[in-house]
Amino acid sequence: MHPEHQLNLFCTSCHQVICGECSTLLHRDHRCTTVARAGKVYGRFVRGAIEQTRPLEDYALQSVGRLNDLTVRVNSRCEAVQQEVEAFVDEYVAALEEHRRALVEQINNIRQAKMEMIMAQKLDLGKKIRPGWEVICKI
C-alpha cells in the first residue's frame, strides 16, 4: 500500500510483511515483530517441516519403485497370457479347419456313393423297361 516505505515489520496476526505506517493504521491491534526475527522463527518452522517430511519422501520414493516393479510384472504376465491365448486359439482354429475338411470330404464321398447308387438303380430300371435305355441314363 505504501511503496515509498520499507517493509520492515511482520504482522503475526495476518502473516504479512508490512511497513511502519501500516502497523499504526491497518494493523494497530495486531501483534507485530521485526522481519529479521520473523525470518528466524518461520525459518525454524520451515526447517522442522522439511525434516518431518523427509521420511515421507523416502517412503513415497520406495512406494513408487515398488509400483514400477509391479507394473513391469503385470505387463509381463499379461503378455504371456495373451500369447498363450493366441496360441490356443490358433490351434483351435487349425483343428476346426481340419475337422471341416474331413466333414466336407465325408459329404463328397457320401454324395458320390449315393449318385453311383442312383445311377445303378436308373440303369437297372432302364434295362427292365426298354432295351438301350442304359445309354440315355448315363447321360
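A salt bridge here is a side-chain nitrogen of Lys or Arg within 4 Å of a carboxyl oxygen of Asp or Glu. By that rule, this predicted model has four salt bridges.

**View 1. The β1–β2 hairpin.** Here strand β1 (residues 7–11) runs antiparallel to strand β2 (residues 16–19), and four bridges join the two. Look for Leu7, whose bridge partner in β2 is Cys19. Four residues sit between the strands, and His15 takes a positive phi near 55° in this hairpin.

**View 2. Two annotated stretches.** UniProt's unreviewed entry puts a "domain: B box-type" feature at residues 1–35. That span is 20% helix and 34% strand, with its end C-alpha atoms 17 Å apart. The "coiled-coil region" at residues 78–116 also comes from an unreviewed UniProt entry. Residues 78–116 are 100% helix and 0% strand, and their end C-alpha atoms lie 56 Å apart.

**View 3. Glu51 meets Arg54.** The closest N and O atoms of this salt bridge are 2.4 Å apart. Both residues belong to helix α2 (residues 35–129), three residues apart, or about one turn. Glu51 is partly exposed at 48% relative accessible area, and Arg54 is partly exposed at 42%.

View 4. Arg100 is partly exposed, with a relative accessible area of 49%, as is Glu97, at 39%.

**View 5. A salt-bridge network.** Glu98, Arg101 and Glu105 are linked up here. Within this trio, Arg101 and Glu105 meet at 2.9 Å, N to O; they are four residues apart in α2, so about one helical turn separates them.

Conventions
Residues are numbered from 1 along each chain as its sequence is written. This is a predicted model: local features need pLDDT of at least 70, side-chain atom pairs count only at pLDDT 80 or more; totals for chains, interfaces and linings use all residues. Side-chain values use heavy atoms; hydrogens and water are left out. Two strands pair if DSSP finds at least two bridges between them. UniProt positions are given in the numbering used here, feature names are shortened, and annotations may be inferred rather than shown by experiment. Buried means under 20% relative accessible area, exposed over 50%, partly exposed in between (1.4 Å probe, protein chains only).
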